Structures are given as structure tokens and as C-alpha cells.
Amino acid sequence: MVRAPAKSCPNLSRLFEDAEPELLAQFLHAEAFQRLAWLENYRFGADDPEGPSTARTMLLKEKKDRLVPLETEAARIITIASDRGEYALEGLARTSLENDRARMLLEQRDSLARSLWAYTREHGLFEAAENSLHLRLYRRFDKHYQTFMAEPSTGGGPDASGTLLDELLADLGKRLDRGEGYSIERFDIPEDGDEPAAEMYLLFHPDPPTSVREIDDQGNRSRIYFRPPGEAMIVFTPSTGRVHVRARNRRLRHIIAERFIETALQQTYSSQPVDFQAYDISQFLKGFDLALPDFDEDAVILNAQVIRADISIGDLTNRLSLSTTIGHNISELIESQPGLSRIFERALAIRFIEIAVRYWRTDRENEETLNFTLTDRNTSSLLSLDDPFERVLGHRLLRHWNIMREGRAPSVAESMAVIPALLAIWDIGADKVAGTWLQARNIDSRILIDLGFLVPAGWEGDDLIDDEDEIGPVAAEVVVRVEKGDAEEGDRKVADLKVTEGQVTPGGNPDRYRIYRVRDGWVAQHLKARLEQVLDAPAVEKLTDHLFYLGTLGVDGGDVPIYLARGLDREKVRSAVDTELRARHNLGIGLVLHAGNALGHSIAANVLTPLADQIDTNKAEITLVADKLRSVFRRHRLLASGGMTVGLHRSGDEFATLVVPGRGTIDIKGKNRIDIIQRLVDAHNNGPMPMMTGDLVKGIAEGQSLSNIFKKPLWDKLKAEFLRSHSSKGPWEIAS
């Protein structure tokens, strides 16, 4: 059967049909195709009149697999030749190219010729246009970009030839530690509709070396080692101060944003998220009517209707879709069908909405129609519209209907109200939390989303993938299989993505099964900023991921160091925090505020108290907590320092605190450990009388050594501070 090139390689076919011979010849000689030896049969010179027709025969002679590289590159060219791509290319050309080069580009006969000319002769500009187009389409998708806030600048960001960019590259090279090869290019992005003018910085950095195996046309196999280039994009909008960063992963985005703001802009970096928004379509569970707004200055809204609604019934797997046209009222359609209104009333969730708007622009004669979609995955098709007027109009309508909620900074009252929830979230130190976890603690996810502390991230048990054909999101599962290899490479594990439609969950509130990503940096920054107001001498310092030094608080004429800790309910974390605090004993007895509900009143000779217990959320200012902190410190100061007598203070069967005068306190977790320490305490208070290891473990953990029972580093701490023996095997006694 004869293959149809227009179907198998539509973009490459269009190049052969419409491109000028000179530009087409340069395309076939592009550097991207230099390793394709077979292509030499089809390359031709710019002055060869028969060249294009000869080259076009490859579409019929060559298999599709061979043509994939050319089709891929042709698709890039066709994309930039679109209306939106051409706008980006021309805008960058006017601000980035020399006048003569810009004139040569703009004088090409059509958009395809301009795109192909840039691809072959100004490839850096072509790639910048691609990045600019990607930014316009996806800047509000958190999975593609992250946005950071800096101060607005009347003078803009650093110049391409300035020293600040050199300092930025040196700074990033030191932080990333990936060797040499960093470079950065600067482009000016013109204003586009409601998007202000911006500056784009394309950062190229080396990735770790890697290798691939290659096979040539003769079947010869070889391995190629190379260092792939990493790429990041920074877009700074001087009028708003916003910095958009696209990079491979979240950690890299934060590093690049931090260094750009502090080194290139010479400002203070903040973890507060900005420029985020949420499309809340849950209101359509109550009805589909849309009130018409008054936009007389530039548009008149004639009609607005929901023309498609997808709901889940019973559980999230079952989906029901109802579609109509703008000429019909979907609510009346539902009411007219027996039983259908009852089904919509009992829907578990709204999954997908399509809205059609008929409007008249004041600068045009004819009526126009705007169609766009919204999903429960916080996505909207408005961002992919070519017409900037329609993108702006669509978002104005969503604000009018209260469908789009934009991020905002918390008020003082809101800041106080969310402190307990933030403490609980920050304490577990997790990247994601489930709706069930939030609801069990009566935490309202909506306000935390509005303030940017949480981001919706799918459904419990599965990752959701948005379907570009608007079928709706589907659930994906990673399945690992073993793939047989040759004698040289051997077998290897391969991860496949198994996709199934929908997500199976019981009926009820679907928010229970949602997953939310935690913006941990913003949570920590907000907590620290509020707590600084309590202290007499704030000096926030991150000691570890689980321990912060906040400063000092004046108590009875002395300065008491204040710490903030999290994760103390986990033994390894508590042990690590204990070690860190003991290394700071020279600062004196401190007060450790912990975000959770860990047991005990002391840790490493410091007073320990839950921070949530010290905050009165009914008050407008968190500074009222200071007197409570002084009171709890005075109450437990003697115990933290070791008390007056040796003792073991139990908090249930699994947790206790050993108190030794002059030595301080240490936590003991585990029933067997507690029972052994209790024997040592009893022997000390009744004697004192040393005890052999065999007597200590008798009836508790016979046959085991003390070091095996207590494990490191607890055993080392006990030997160093709280126990003593004249030999490694005992006898043991309390060191007091």
C-alpha cells in the first residue's frame, strides 16, 4: 500500500510544499541531521532547480522511522509559524537582533519562511521564541513553572553584557557543582495583551555525563559518552517584580530563583508563592446558571452558557457527560429528562465544564463566540487561546463568576487562624498530605490553598494525567518489569506506566481522597516570621531540617535561647535533634517549641513544650504568647537541668525521661530500655549499687548486650553523660 506522506509526516510535507528552495536546502544541512548518513542522497545546493523535487522523494522512499528526526524538527518550525509563534518570534527579533538581521527576518515572504529562516540562520533566537511561546501557554501551571516574588524595578534586570550575569553564573556553578560550561542569554519579551513586558534569561548548564548505545546502517554497535546540556528559563517582569522559573525539578527551580533574586537582582529571596490561581468548579454542583456581566468599555456579553458538564456518580470511576449547544439551556435540558436532575443533584463531583460565551467587541461589527474548558485538576483551556483579547476576557468572566480564585497574602486574622494547621503540616515534614489527614484534624484545605500553603495534586493512590483530547484525567500506575538483555548488558529493570480510566474510591465527600502538595518553604517562612515577633532578639538560623534557632527571650534577667523543632515523635529525628542541642550546651538551658505533640517536658537539658499550647488563636496578635513561654520555662527549668534527685519520669509504657542532677535529661523510648534504666535508677536511689549487665537484662532481653538494646547514638550518649563503668562490660551505675 502506498504511504500518504501528508498523514505520516504532515509537518515535513508542508515544508516541501511551501518552503523556498534556498531555506529548504539549509534545513536539510542543519547540524541536527549531520549524523544521518542516508540523508546525503537528498541534500542539494541552493541553486539546484531540481533539488527540491528530488529531496521530496524521500517521503515515499524512506520508512517513517528514518524520517522521525526531520518530522520532529519540522514540527518545531511549523509551531513557530503559527500566529502565536510568529508574534513571539517577531517581538524577540525586534528587540534582540541587529537592525539589518531583524530586517532580513521580517522581510521574508510569509510566516513559514520567517520561522524557517530563524531556525537555519538565528537558531538561538528560534529557541528563545519557543521558550517564550511555552511561557505564554504554561506559566500558570505549577507543574511547569514556579513563580517567585522580587521587588519591582524601574531599571529592569541585569544587562546581557553586565557583570551581574557573570556573578550569577559563578554563583550557580558553585551551588550546582557540575563543572564548566555555564552560559546565559538575555532576550526582551514585548507586552502581550494583559501580560506586561518581561526579560527572559535562558540558562544553559551541564548535566552529569551519560551514555547511549548507537547502531549504524551497517549494524555496527557502539557506545557514545556525552554530557547533555541542562536548560532553565528565568523570566523577570520588572513592572510586577515576579520571577518565573522553568527547570527540570522543583529543587533546581528554587536554587535558580534564589540565586537570581539575590545575585542578579540584589534583593532578598522569599519562599512566599505568588501568581498562583485555582479554578473552583464545585459551584456547578448547585446549578449551571451564569450571570451576565457589564463589560461595556470593550465588550458586550450577549449570552453565556455551560454547554458541557461531566460529573462522577457513585464513585470517581463513574463519569457521566452531558453536552448541548449555546442555543440551549443545560439546566432546562436536565430538568426535562425524567430522573436526570436527581442524578446531577447526587453527583459526587464536577469533573469537567465547558462554557460558551457569545459576545460583541466594540471595535468589530460581527458577534463572536468564545469557548473554553475547566477541569477539577485546576486547568483551563483559556491559556492556550491564540487571541490575547479572548484570554483576558475569559479570565475576567471567571473572576466575575467567582470561579477563579487568585492567591493572596494572609491577613493578620487569617495568619493566626491557620497557625495550628500549619504547625501540624510542618511537623510531619511530608511533601504531600491527603484529604483524610486534613479532615481528621478539622483543617480547612480551601483557605490553605488560597494562601498558597497547599496545592491540589491529584487523587489518593494514583497520579492523574490530563488527557489532551479532553476525555478527562486518567489514573496512572508504575509497573516494574524485567527486560532481558544481551550478554554484555545483562537483564535490566524497566518501569512502565500502566494507565486506566478513572480512580476508584467509595462514595461520599471526594475531598477525602484528594492529595495536596505542601509548599514546605513557604510554611516554614510564615511560621518563623510570626514567631520572630515574640522574641526580644530574633536571629533565625536553620540548624537542621528539623531544628531552627529563633533567637532569645528575656526571662528573669537572662537571655533564654529559643528553638523550633519538628518531627520529634520519630525516634531518629528526636535523637538527631537531641545531639544538635547538646552541642549547643554553652548557650545555657533553652526552650524548645515543637510543632507536634511529642511526649516529655525536656530534651537535652532544654525545656520542651508544644507551641500550639502556647498560642491563643482567639487573639489578633501572636506576640501575646511571650508571657506563656516565660511561664512554661520557669515551670520546667529545674527538671530540664537534672532536677534535685535521680529519677525516671514515665509518659506511658513506651516513653520516659531520665533525670540526673548536674547532667540534665535524656529521653528513653521503648519498654525494654525503660525497664533497664528503671533498675539502674532504683539501684542508685537504694544504694547506690552498681549492677552487672546480666542482672540488668535478666527477664527483659536476656542474651543481648546493652549496646544492641539501646543502639547508637543513644548508647553513646548514655555512656558519655549519664552512666559510668570501670570496664566495657560493667558493672554499670548512674553517673551523678
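## A helix across the sheet

Let's start with helix α12 (residues 250-264), which lies across β1, β3, β6 (229-237) and β7, running at about 25° to β1. Helices (H or I, at least four residues) and strands (E, at least two) are DSSP runs, numbered from the N terminus. Axes are lines fitted to C-alpha atoms, for helices over the stretch in contact, and angles run from 0 to 180 degrees between N-to-C directions.

This is a predicted model, where local features need pLDDT of at least 70 and side-chain atom pairs count only at pLDDT 80 or more, while totals for chains, interfaces and linings use all residues. Residues are numbered from 1 along each chain as its sequence is written, and side-chain values use heavy atoms, leaving out hydrogens and water.

## The sheet itself

Five strands form an open sheet in the order β1-β7-β6-β3-β2, with antiparallel pairing. At its edges are β1 (146-149) and β2 (183-189), each pairing on one side only. Two strands pair if DSSP finds at least two bridges between them; β1 and β7 (residues 242-246) have four, in the antiparallel sense.

## A look at Ser-445

Now to Ser-445, found in helix α18 (residues 445-450). Why does Ser-445 count as buried? Because its relative accessibility is 13%, and buried means under 20% relative accessible area (1.4 Å probe, protein chains only). Not counting residues up to four places away in sequence, Ser-445 touches Leu-438 and Tyr-516.

Key:
Buried means under 20% relative accessible area, exposed over 50%, partly exposed in between (1.4 Å probe, protein chains only). Contact means heavy atoms within 4.5 Å.
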